Amino acid sequence: EIEVVDEREFKIDFDKVELLEIFQRLVDNLLIEILIDDSDKINDEDSFVKILSEGFIPEKPIFRLNLDNIQTKLFLTKLQINDTKTKRNLKFTQEKFSKIFQNKNGVIKASSLSTSTSKSTSEPKDANLIESIFSLKN
């Protein structure tokens, strides 16, 4: 019997249609931009969907989220929300997330997200907007 090797580096529980919708909502709300100039090869939404649906980590971050650290932590948490049945080594960790995305502060550091989140006494700015980006079952 041939064992199928999964080449993914992570797995999230959103399908391609849902990821496309998430990306479109990010664009509509000016919360994402592309960092690489590869626009002639592949469009931004295809990159976003391909990377997240296939569990592929690029050589360097491709997207910049127009979010602060506290908002970024919420965004990551929403991407991880259905991650409970994923095998441990395929979890979409903060480290893997930071290889795909940057935020307003540039490179996303785990320590910065943790510190910002723990120091904050209030909900992230625009938390409802971020939540709504992920409300796919309307």
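Predicted model: local features only at pLDDT ≥ 70, side-chain atom pairs only at ≥ 80, totals over all residues.
Phe48 and Phe101 are both buried, where buried means under 20% relative accessible area with a 1.4 Å probe and protein chains only. Residues are numbered from 1 along each chain as its sequence is written, and side-chain values use heavy atoms, with hydrogens and water left out.

**The aromatic pair**

- Across the whole structure there are 12 aromatic pairs, counted when ring centres of Phe, Tyr or Trp (its six-membered ring) lie within 6.5 Å.
- One of them joins Phe48 and Phe101, with 6.2 Å centre to centre and 70° between the planes; that makes the pair edge-to-face, the label for planes over 60 degrees apart.
- Because Phe48 sits in helix H2 (residues 44-54) and Phe101 in strand E3 (residues 101-103), the pair ties together parts that are 53 residues apart in sequence.
- Phe48 and Phe101 also belong to one aromatic cluster, whose members include Phe10, Phe14, Phe23, Phe63 and Phe134.

**The nonpolar core**

- The largest nonpolar core holds 33 residues, and Phe48 and Phe101 have the most contacts inside it; such a core is a set of buried Ala, Val, Leu, Ile, Met, Phe, Trp, Tyr and Cys residues joined through side-chain atoms within 4.5 Å.
- Two or more residues of this core come from each of helix H1 (16-28), H2, strand E2 (63-65), helix H3 (69-80) and helix H6 (127-133).
- Leaving aside residues up to four places away in sequence, Phe48 touches Leu19, Ile22, Phe23, Leu26, Ile32, Phe63 and Phe101, a contact being heavy atoms within 4.5 Å.

**A buried asparagine**

- Helix H3 contains Asn69, which counts as buried because its relative accessibility is 11%.
- Beyond residues up to four places away in sequence, Asn69 touches Asn103, Asn105, Ser112, Leu113 and Ser116.

**The overall fold**

- The protein has 6 helices and 4 strands, taken as DSSP runs (H or I, at least four residues, for helices; E, at least two, for strands) and numbered from the N terminus.
- Their order along the sequence is α-β-α-β-α-α-β-β-α-α.
- Of the 138 residues, 41% are buried.
- Among contacts with a separation of 6 or more, 77% are between residues 24 or more positions apart.
- Carbon and sulfur atoms account for 49% of the accessible surface of about 8500 Å², computed by the Shrake-Rupley method with a 1.4 Å probe.

Methods
Buried < 20%, exposed > 50% of the residue type's maximum accessible area, 1.4 Å probe, protein only. Phe/Tyr/Trp six-rings, centres within 6.5 Å; stacked < 30°, edge-to-face > 60°.
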